[in-house]
Amino acid sequence: MDSVRYEDGRGFPILDDIQLTFTERKVYGIISTDEDDQTRLAQLLAGFFLPTAGEIHYGLETVKSYDQQVHHRPLFRKIGYVSKDGIGDFLYSTVYEELANPIHQYHYREQELEKRVLDALKMVALPSEYLYRDPFTLSRGEQKKLALAVALICNPAVLILEEPMLGLDRYEQNKLCVLLRKLKNRYHKTILIFSKQIDSVFSLLDEVVILHQHTVLLTGPKYQVFRDTRKLKKIGIPIPNLIAFSDMVLKKKHIKMGYRDQINDLIKDIYRYAEWGCGSHGNDQN
C-alpha cells in the first residue's frame with residue numbers, strides 16, 4: 001500500500017497515508033485503536049472499496065483511486081475475506097449454494113464444482129451431510145467455519161479475517177488456529193488477521209501492525225512491536241498475556257526469561273529457572 005487514503009462521504013479521513021507491505025507466506029495481526037479504521041482497512045484490501053488516494057499493489061497489479069473496480073474482479077478472486085460477523089454475509093438457503101456462488105461468480109474451475117465444494121467443507125471440518133442445511137440453522141462455530149470455507153473455495157493467495165475468534169469457545173479457537181497454521185505452512189497462504197483479541201491469535205502471528213488516529217503507528221515483528229508496552233497501553237492497545245507476564249517477571253524478579261508463543265513453553269522456562277536457579281535461559285527476544 002502506497003500513501004493510501006480513504007475518506008468518508010463528507011471528506012473526513014478514515015484512513016490516511018497508509019504505507020504497508022505484506023510479505024507472502026506470513027501471518028499479520030492488524031490492531032487498531034478505532035474499530036472503524038480496522039474494518040475499513042480490511043474491506044479496502046479485500047476490494048470492496050477503492051482508495052480515495054494512493055495505490056494498492058498486488059504483486060504486479062495495481063489498484064488506484066480512479067480505477068473501475070470491475071476491472072479487478074479476477075484479482076480479487078485471489079483474496080478471501082471473512083467479515084467480523086461472517087454469518088451476515090450468507091445469501092442463500094443452503095450451504096451448497098453458499099459455496100458454489102464464488103465458483104460461478106469468478107468462473108473458477110466450474111467443471112470441478114462438486115469437488116471444490118466437498119474439499120472446502122473438509123478443510124474446515126464440516127461434514128458433507130451439511131450441504132443442504134440452511135446456513136442459519138448451524139451453530140455459531142459452524143457458521144464461522146462455513147464463512148471461512150466460502151472464502152477459501154477459490155484458493156485465494158491472501159486470506160483476510162476480521163475477528164475470527166469472536167464467538168468461539170476455547171476448543172473451537174484452538175481448532176481454528178491449527179487450520180490457519182496449516183493454511184500458512186502447507187498451502188503458503190498470506191493471512192491478515194484484524195483483531196483486538198490478541199491473546200487468541202498471538203501464537204499465529206509473524207508480524208503486527210498498529211493503527212492509531214487513522215494511520216500506521218507501528219509495524220514489524222511482533223516481539224519488536226510489543227516491546228514498548230507503555231506506549232501501547234497508553235493508546236489502549238491490549239498487551240498479550242505472555243508478553244505482560246514475561247515483562248512482570250523481569251521487572252519484579254529481575255529474571256530475563258524472554259518471550260514465548262505458547263504458555264506451555266513459558267511454564268517450562270519457569271521450571272527450568274526453579275531447578276537451575278538461573279535467570280537467563282529464556283529465548284531472549286526482548
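At what angle do the axes of helix 3 (residues 95–106) and helix 4 (residues 113–123) cross? In this predicted model, the two axes come within 10 Å and cross at roughly 120°. Helix 3 is therefore oblique to helix 4, and the crossing between them is right-handed. On the side of helix 3, the contact is formed by Val95, Tyr96, Leu99, Ala100, Ile103 and His104, which meet Leu113, Glu114, Arg116, Val117, Ala120 and Leu121 of helix 4. Classified by residue type, this contact comprises 9 nonpolar, 1 polar and 2 charged residues.

The model also contains an open sheet of 4 strands, arranged in the order 2-1-4-5 with antiparallel pairing. Strand 2 (13–18) and strand 5 (61–64) form the edges, each pairing on one side only. Neighbouring strands of the sheet are turned against each other by 30° on average, direction ignored. Strand 1 (residues 2–7) and strand 2 run antiparallel and are joined by 3 bridges; Glu7 stands opposite Pro13 of strand 2. Helix 1 (residues 35–46) lies across strand 1, strand 2 and strand 4 (53–58), and runs at about 65° to strand 2.

Leu75 is located in helix 2 (residues 73–76). Its relative accessibility is 4%, so Leu75 counts as buried. Beyond residues up to four places away in sequence, Leu75 touches Tyr58, Glu61 and Val63. Leu75 and Pro156, although 81 residues apart in sequence, have a C-alpha to C-alpha separation of 9.6 Å.

Note on methods: Residues numbered from 1 in each chain as written. Predicted model: local features only at pLDDT ≥ 70, side-chain atom pairs only at ≥ 80, totals over all residues. Heavy atoms only, no water. Axes fitted to C-alpha atoms, helices over the stretch in contact; angles between N-to-C directions. Helix = DSSP H or I, 4+ residues; strand = E, 2+ residues; numbered from the N terminus. Parallel < 35°, antiparallel > 145°, perpendicular 65-115°, else oblique. Left-handed = near helix turned anticlockwise from the far one by under 90°. Contact = heavy atoms within 4.5 Å. Nonpolar A, V, L, I, M, F, W, Y, C, P; charged D, E, K, R; others polar. Buried < 20%, exposed > 50% of the residue type's maximum accessible area, 1.4 Å probe, protein only. Pairing = 2+ DSSP bridges.
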